[in-house]
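Please work through the following exercises on side-chain packing and charge pairing. Each task is followed by a solution in steps.

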Amino acid sequence: MARLQYSDFLKQLYGTRVQKLNVNAGFTCPNRDGKLGRGGCTYCNNASFTPAFGRSSSSVKQQLLDAKRFYAGKYADMKYVAYFQSFTNTFAPVETLRELYYESLAVDDIVGLVISTRPDCLDENVLNLLQSINEKHKVIVEIGVETSHDRTLELINRCHSWQCAQDAINRVVQCGLTIGAHLILGLPGENEDDMMVTVDAIAQLPISTIKFHQLQVLRGTRLAQQCEKEEVNVMEWSAQDYAQFCHRIIDRLPERIVIERMVSTAPSELLIHPKWGLKPAQFKKIFEKND
């Protein structure tokens with residue numbers, strides 16, 4: 001079978017055309033607040049991927065209303081899913097999660113949830129809550145896996161193992177939820193062979209979607225400090241090199257896995273490396289030339 005486009009995958013899942021609306025519910029992470037560690041992932045600067053309408057201290061409801069206005073008129077039949085993206089969106093008491101999730105679902109035209117989280121923040125109570133919501137409103141769980149190499153996970157301060165990620169994916173699927181994985185290409189100390197090991201490993205798991213992006217060195221992160229001090233090395237590839245590598249990845253992935261994206265962007269004022277200066281549409285043209 002031909003691989004579905006991500007937009008078509010969402011349309012099949014929700015029965016209509018949908019747009020993801022980012023919200024920031026004020027969560028943190030267990031490797032930030034001291035439960036597992038301090039400082040967070042070495043590469044993380046959440047401002048790099050949070051839209052302007054998701055950065056305020058407004059309520060979840062207000063953020064969604066603002067985001068709906070931003071997308072108003074794009075399509076006449078548009079519905080929406082609330083995308084809990086910033087930090088770890090299951091890292092709170094289950095009562096708090098229930099309140100926030102249902103607050104978003106009470107907004108007109110919100111038909112489901114996408115929950116971005118870590119593999120070590122999906123206990124039985126959280127999964128039971130998501131499973132109950134999924135009975136009426138389809139839930140996608142996005143798990144940050146990043147790599148299958150424990151040495152790298154330790155280096156970037158993820159504070160979880162590859163085995164933990166595998167177990168979490170299997171438990172989410174057993175609950176009847178849709179599962180997506182997130183991987184970062186070009187993490188410190190990894191070469192292309194290492195990355196392909198991760199691609200092959202994730203392909204063996206029962207995921208429905210996958211999201212890749214190139215490692216970006218961002219101002220204000222521990223990774224930026226490590227690079228400046230030459231404590232770590234990161235991939236020095238061009239946009240063309242990266243596009244060619246993406247083609248190799250796609251050839252290895254089963255067609256049942258829907259690819260959400262292969263590249264990410266960050267605000268120019270935050271980005272140190274790689275400075276490609278490309279918008280997603282411009283990268284797509286480079287990618288297609290390598291097809």
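The exercises below concern a predicted model.

**Exercise 1. The nonpolar cores**

Task: Determine how many residues the largest nonpolar core has and which residues have the most contacts inside it.

Solution: 
- Step 1. The largest nonpolar core comprises 69 residues.
- Step 2. Inside this core, F84, I202 and F212 have the most contacts.
- Step 3. Helix α9 (residues 239–252) supplies the largest share of the core, namely six residues.
- Step 4. Apart from this core lies another one of 12 residues, including C44, I156, V217 and V232.
- Step 5. For I202, leaving aside residues up to four places away in sequence, the residues touched are V145, W162, I169, A181, L183, I207 and I210.

**Exercise 2. An aromatic cluster**

Task: Classify the ring pairs that Y242 forms with W237 and with W276.

Solution: 
- Step 1. The model contains nine aromatic pairs.
- Step 2. For W237 and Y242, the centres are 5.2 Å apart and the planes make an angle of 65°. Since an angle over 60 degrees counts as edge-to-face, the W237–Y242 pair is edge-to-face.
- Step 3. The rings of Y242 and W276 have centres 5.5 Å apart and planes at 45°, so this pair is tilted.
- Step 4. Y242 belongs to helix α9, whereas W276 lies in the loop between β9 (271–273) and α10 (280–289); the two are 34 residues apart.
- Step 5. Y242 is buried because its relative accessibility is 0%, and W276 is buried because its value is 18%; the cut-off is under 20%.
- Step 6. Ring pairs join W237, Y242, F245, W276, F283 and F287 into a cluster.

**Exercise 3. Salt bridges**

Solution: 
- Step 1. The count of salt bridges is 12.
- Step 2. R248 and E192 meet at 2.8 Å, N to O.
- Step 3. D200 and R252 meet at 2.6 Å, N to O.
- Step 4. In the bridge between E146 and R158, the closest N and O atoms are 3.7 Å apart.
- Step 5. Regarding accessibility, E146 and R158 are buried, whereas R248, at 35%, is partly exposed.

Key: Residues numbered from 1 in each chain as written. Predicted model: local features only at pLDDT ≥ 70, side-chain atom pairs only at ≥ 80, totals over all residues. Heavy atoms only, no water. Core = buried A, V, L, I, M, F, W, Y, C linked by side-chain atoms within 4.5 Å. Buried < 20%, exposed > 50% of the residue type's maximum accessible area, 1.4 Å probe, protein only. Helix = DSSP H or I, 4+ residues; strand = E, 2+ residues; numbered from the N terminus. Contact = heavy atoms within 4.5 Å. Phe/Tyr/Trp six-rings, centres within 6.5 Å; stacked < 30°, edge-to-face > 60°. Salt bridge = Lys/Arg side-chain N within 4 Å of Asp/Glu carboxyl O.
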